[in-house]
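Q: I have a new model open and would like a short walk through it. Can we start with the overall picture?

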Amino acid sequence: QIQSLTGTSFDKTIFTYQKVPLNEHDLLRLRSMTYLNDSIVNFYLKYVKCQVEAATASTGGAAKSEGGSWDDFDGEGIHIFPSYCYTRIQSSLNGNRNSKANRDRIWKDLKSWTKNVDIFKKRLLVFPINDSLHWTVCIVCNPGRLIRRYSKEVIEKKQNLELKQKQAVEERKRERRVRLEALDASSPLANQTGVAPLSLTPILDGAGCVQPESGHDVVVVDDKPETMQSIEQAKPTEQSTVVTDTPAARKCILLAKIEAAANKKKEVQWQCEYCGEAGPKYETFDLALEHESTCDENIDWCMIHFDSGKHFKLHKSTEVLGNIRKYLNAAAADYESTHPGVIFTTKNMPGFSAAVPQQDNAKDCGVYMLEMAERMMRNTPQIDNEFVKKKGASKNNFFGSNSFNKDVIVQKRDDIHQLIQRLRRGETSL
């Protein structure tokens with residue numbers, strides 16, 4: 001005979017953990033093939049968060065970001081959003097565009113969730129999602145690092161870098177002109193032909209490059225072996241123009257060819273590792289290195305959606321990630337005065353759906369979600385540019401369809417039940 005547990009002792013709170021009340025009815029959710037509820041999910045995520053932060057504090061704080069000075073925007077600690085949070089985000093957005101008016105309205109409605117907490121100074125933001133009788137989780141990694149890119153200091157640094165590059169280009173042009181003048185004055189051809197040295201400056205364009213007189217190839221005709229050896233081997237074609245007018249013309253073209261060949265060896269430009277071939281080129285290694293620290297393509301933050309029931313097609317990752325971006329945009333409004341123009345987009349805040357083990361029933365989604373969230377909180381992989389570009393594919397195989405098996409999920413239900421009993425009896429701290 002089936003009886004309702006409502007109104008019985010099963011509804012009586014037996015234990016409260018950080019404002020999350022648990023009762024006997026909640027504990028029954030930990031039985032096999034039973035759908036987890038909000039109370040169990042919120043309790044366990046908070047418990048893991050406390051354990052991780054306590055362990056971090058005991059080892060001297062959060063690890064500093066690689067390749068640069070560390071500050072609050074590198075993130076320390078974890079913020080757990082309550083399970084109903086994402087549902088509220090959905091209802092508040094209601095498909096609205098990412099306009100300033102909508103962001104202001106969203107933030108006014110939802111800012112009480114993070115009272116006295118700056119989410120952009122947290123290392124991880126954890127959003128448990130309960131929709132259509134299915135649990136997934138979205139985790140935002142290092143959100144403050146994107147905020148930092150919009151700081152006035154970084155903007156000023158980019159502007160100074162542009163100025164340094166312009167100065168370096170002008171210096172390169174000056175050095176080239178000096179080399180041309182020296183080459184012109186010391187040319188043996190001037191003595192051989194009896195022609196006074198000519199300046200090559202008129203045949204240089206604004207970038208200091210040789211200006212061709214026509215679209216044809218130019219071949220210098222000269223029977224002196226030392227002259228021919230100085231020029232790259234070339235044969236006249238139908239498109240070629242043979243220049244034999246004057247010794248002065250031959251001299252000018254010869255010097256230009258010698259200079260062009262020398263420039264190929266002497267002038268080396270540097271590129272940022274993250275921009276690739278399409279990015280800007282810099283005159284010195286130091287300038288390229290300076291650019292890397294503020295390069296828009298050097299992204300070491302991201303959003304990750306974990307879904308153990310992708311085959312159910314209940315939570316669309318692009319929609320989940322898009323909704324949370326809109327919430328982050330609303331939350332970032334407080335930084336507008338110090339970080340003008342800050343905005344979260346699909347380009348500057350990339351997100352992806354992680355490759356994770358898939359459930360073989362409709363009831364274990366909550367347990368899978370807790371396992372994946374715990375793994376991220378306890379052993380967060382290094383979030384760097386390579387991690388983001390490869391969507392989590394790393395050498396240590398942190399993600400993958402075989403990263404853990406079904407036995408882990410079966411055991412986890414029992415582990416959480418035993419944990420609650422120990423906390424209830426006072427046998428376990430935190």
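Q: How much of the chain is buried?
A: Of the 430 residues in the chain, 44% are buried, meaning under 20% relative accessible area with a 1.4 Å probe, protein chains only. This is a predicted model, where local features need pLDDT of at least 70 and side-chain atom pairs count only at pLDDT 80 or more, while totals for chains, interfaces and linings use all residues. Residues are numbered from 1 along each chain as its sequence is written, and side-chain values use heavy atoms, with hydrogens and water left out.

Q: How many helices and strands are there?
A: The chain has 14 helices and 11 strands. These are DSSP runs, numbered from the N terminus: helices are H or I with at least four residues, strands are E with at least two.

Q: What does the largest nonpolar core look like?
A: It has 86 residues, and Phe43, Phe127, Ile304, Phe306, Tyr327 and Met377 have the most contacts inside it. Such a core is a set of buried Ala, Val, Leu, Ile, Met, Phe, Trp, Tyr and Cys residues joined through side-chain atoms within 4.5 Å.

Q: Take Tyr327. What is it in contact with?
A: Neighbours within four places in sequence aside, Tyr327 is in contact with Phe81, Ile89, Trp107, Leu110, Trp113, Thr114, Ile119 and Phe127. Contact here means heavy atoms within 4.5 Å.

Q: And which residues are in the second core?
A: That separate core has five residues, including Leu161, Ala168, Tyr282 and Leu287.

Q: Switching to aromatics: how many pairs?
A: The count is 17 aromatic pairs. Rings of Phe, Tyr and Trp (its six-membered ring) pair if their centres lie within 6.5 Å; planes under 30 degrees apart are stacked, over 60 edge-to-face, and the rest tilted.

Q: How are Tyr17 and Phe43 arranged?
A: Their ring centres are 5.4 Å apart and the planes stand at 85°, so the pair is edge-to-face. Tyr17 lies in strand β1 (residues 13–17) and Phe43 in helix α2 (residues 38–58), so the pair ties together parts 26 residues apart in sequence.

Q: Are those two buried or exposed?
A: Both Tyr17 and Phe43 are buried. They also belong to one aromatic cluster with Phe15, Tyr44 and Tyr47.

Q: What about Tyr368 and Phe404?
A: Those rings have centres 5.9 Å apart and planes at 40°, so the pair is tilted. Tyr368 lies in helix α12 (residues 365–378) and Phe404 in the loop between α13 (385–389) and α14 (406–425), so this pair ties together parts 36 residues apart in sequence.

Note on methods:
Buried < 20%, exposed > 50% of the residue type's maximum accessible area, 1.4 Å probe, protein only.
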